[in-house]
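Please read the points with the viewer open.

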Amino acid sequence: MAIDTAAPAAPTVRAATARRRSVPTGERITGGVSQAVLIACAVVVVLPFLWTIMSSFKTSRQVLQSPFTLPDTLHFENYANAWTQAGIGTFFVNTLLVVGGALVLTMVMGSMCAYFLARFRFIGNKAIYLLMVAGLTFPIFLAIVPLFFILKGLGLLGTLPGLAITYSAFALPFTVFFMVPFFRALPSSVTEAAAIDGAGEWRTFFQVMVPMARPAIATLSILNFVGLWNQFLLPVALNPDQRKYVLTQGMAAFAGTAGYSIDFGALFAAVVMTIVPVLIVYLVFQRALSGSVVIGADK
Amino acid sequence: MTTLAPTAPTTGGPTRAARWRRKNLTVDKVSFAAVFLGVPLAVYLVLVVSPFLQAVGYSLTSWSGFDDSTPFVGLRNYVTAFNDDVFMTAVRNSVTLVVVLPIVIIAVAVALASLVTIGGASNGPVRGVKGAEFYRVLLFFPYIIPAIAVGIMWGQIYDPSNGLLNGVLTAVGLNDFDSYPWLGDARTAMPATMFVMIWASVGFYVVIFVAAIKALPAEVFEAARLDGAGRFRIATRITVPMMRANIRTSLIYTGIFALDAFVFMSALNAGGGPQNSTLVISQELFKTAFTKGQFGYACAMGVMLAAITLLFAGAVFLVDRLTGGGDDLQEE
């Protein structure tokens, strides 16, 4: 991957001192307008979150009073209510199981398949690769009805393992698509050395290639985690048993059923609890992600 | 490291990749191939490829799913679809989404990415605004939030009497919006929904384009600056043309996103909105299949949705060709 050779923000020391001395007025205006627009966008992004968090500590009556009144005290019972009465707790555990299982399956199958397609020549290699990539573009909605009956036939419909394996099947194209170029780029001298040392294909993969592929595996694990956590159509269509609901479909049911009798405080609390895990993962791994996305952060 | 999403990876063939020779087939290699290629491929074929193919077959039947009988009806489901006013409303709404959303999302994302990377004040080289990294991280936030949570959150923000939006509008003196039902009025339901979808996805493309702009050679910007080009000219004449491949891929992704829209619609107006103004194909398909049990008909809707997706992708490639692109097609 191209490294920071191109970052526009790499002025020489002399240029930097020159800049400090005199920045033309037109330049200042450009910079000022840019900042203003970005600050406005940042507010539009952040404000809904802050408002949601604030509302999650209000009682339903306070929510209905005014969008701006601050909560009189922090009503943490909203979180307790959402967790127990709305069933968010159960959905949360189900989601952890399904997403955890699906993530492991996706990364194991995805990196194995990508490795094989990237490093071995055989008839049909290109065809299989294209078949995988085609899965990125076709709408899931076309597949959803037959998928329902395939899972039913396999006895996997409405089960958490069935959901996990379906999640990972639909995450495979994305994973393979981005792992193949990575495995291709690894030097073949390493595998040759491993072969000369007597390592079989299995050992070469697990003891040589996987450690070398760690950055790619980490990046794709994060992206897949977010994608799987946010999965909505598959559970809604394939997981009808309420006790086995995952978080996203449980949220939809919670928001949809109660209408005006809904416990608004708990609803906002449920939204916050759905957001927090992905937010934590994003903030913790943001650096690793941005390293892969933004080539050479300008710090 | 890999690149994130729509940037096309280079796919140069393995120069010295191992070849399978018959005499080399050991237990190690055979088991390796069976597990490494066989298992993922089997899962993929059974759970992804075969449903797509079956859907096309079922779309020619009046299958109700309750028994094994799948009476062949030819293209009757398609004829029904074209005469189905509700479905055609859904098609119109989906087409509106796929025409508007990709253009708006990409335009906003390119603009923001340009501000972040080349919008900064200087008299020397082209540089980004202060805090560029902060904006990039922040703008990406909405993209990682589950779309259903985004939808529910915005449903509350749009709430006529307790929502944040009307609260802000009345606070600044626009009292007409005191209890305006953004999602309950056929005139505003769709634009309001579109805004949520843009809000949720634009940050992802900002990140993509920031990466793409930073990957461009710095000399190009310096040369443009020396020739007296302003920020706007640099953005429109240099970065956009040089990001053509990224923009094309991103347009196709946003198109797929716009044609789905199921989760946002479920959260904001599950029933299709006032006068079905936000009803989309995916919602109608889901209802036809899982509420009405008309699985054959639902599959026909799915085929039509896929056809619209392909038409859209074709249109993007066509426009790209007609406007002088195409040289970089081999990259993909």
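1. **Terms for the helix in point 3.** The expected span of a helix is 1.5 Å times one less than its number of residues. Helices are DSSP runs of H or I with at least four residues, strands are E runs of at least two, and both are numbered from the N terminus. This is a predicted model: local features need pLDDT of at least 70, side-chain atom pairs count only at pLDDT 80 or more, and totals for chains, interfaces and linings use all residues. Residues are numbered from 1 along each chain as its sequence is written, while chains are lettered from A and ligands numbered from 1 in the order in which they are written.

2. **Overall make-up.** Chain A has 14 helices and 1 strand. Chain B comes to 13 helices and 1 strand. In chain B the order from the N terminus is β-α-α-α-α-α-α-α-α-α-α-α-α-α. A residue is buried if 20 or more other C-beta atoms lie within 10 Å of its own, exposed if 12 or fewer, and partly exposed in between, with C-beta atoms placed from the backbone. On that count, 45% of the 299 residues in chain A are buried, and 48% of the 332 residues in chain B. Two residues are in contact if their C-beta atoms, placed from the backbone, lie within 7 Å. Take the contacts in chain A between residues at least 6 apart in sequence: 78% join residues at least 24 apart. In chain B, residues 24 or more positions apart account for 72% of the contacts with a separation of 6 or more.

3. **Helix α7 of chain A.** This helix covers residues 140-154, which is 15 residues. From first C-alpha to last it reaches 20 Å, close to the 21 Å expected at 1.5 Å a residue. There is a bend of about 35° at Pro146(A). The bend is the angle between axes fitted to the seven residues ending there and the seven starting there. Buried residues of α7(A) include Ile140(A), Phe141(A), Pro146(A) and Leu151(A). In chain A, the buried residues of α7(A) pack against α8 (160-185) and α12 (233-238). In chain B, they pack against α1 (27-58), α12 and α13 (295-322). Just after the helix, Gly155(A) takes a positive phi of about 75°.

4. **Contact between the chains.** Chain B puts 102 residues into the contact and chain A puts in 100. Helix α1(B) supplies the largest share of the chain B side, 20 residues. By class, that side has 71 nonpolar, 21 polar and 10 charged residues. Here Ala, Val, Leu, Ile, Met, Phe, Trp, Tyr, Cys and Pro count as nonpolar, Asp, Glu, Lys and Arg as charged, and the others, Gly among them, as polar.

5. **The largest nonpolar core.** A nonpolar core is a set of buried Ala, Val, Leu, Ile, Met, Phe, Trp, Tyr and Cys residues joined through C-beta atoms within 7 Å. The largest one has 180 residues. Ala270(A), Ala109(B), Val206(B), Phe209(B) and Met301(B) have the most contacts inside it. Helix α7 of chain B (residues 189-214) gives the most, with 18 residues. Domain 1 (26-57) and domain 2 (84-331) of chain B both give residues to this core, so it lies between them. Domain bounds come from an automatic or database domain assignment. The C-alpha centres of these two domains lie 34 Å apart. Leaving aside neighbours within four places in sequence, Phe209(B) is in contact with Ala109(B), Val110(B), Ala113(B), Met243(B) and Asn246(B).

6. **Loop residues in chain B.** Gly273(B) counts as buried because it has 23 C-beta neighbours inside 10 Å. Not counting residues up to four places away in sequence, Gly273(B) touches Leu183(B), Ala189(B), Thr278(B) and Leu279(B). Gln275(B) is also in the loop between α11 and α12. With 12 C-beta neighbours inside 10 Å, Gln275(B) counts as exposed. Its phi is near 50°, a positive value in a residue other than glycine. Ala261(B), in the loop between α10 (244-260) and α11, has a positive phi near 60°. Ala261(B) is buried, with 24 other C-beta atoms within 10 Å.

7. **Arg119(A).** This residue is in helix α5 (residues 88-119) of chain A. Arg119(A) is buried, with 22 other C-beta atoms within 10 Å. Ser188(A) is 69 residues away along the chain, yet the two C-alpha atoms are separated by 8.6 Å.
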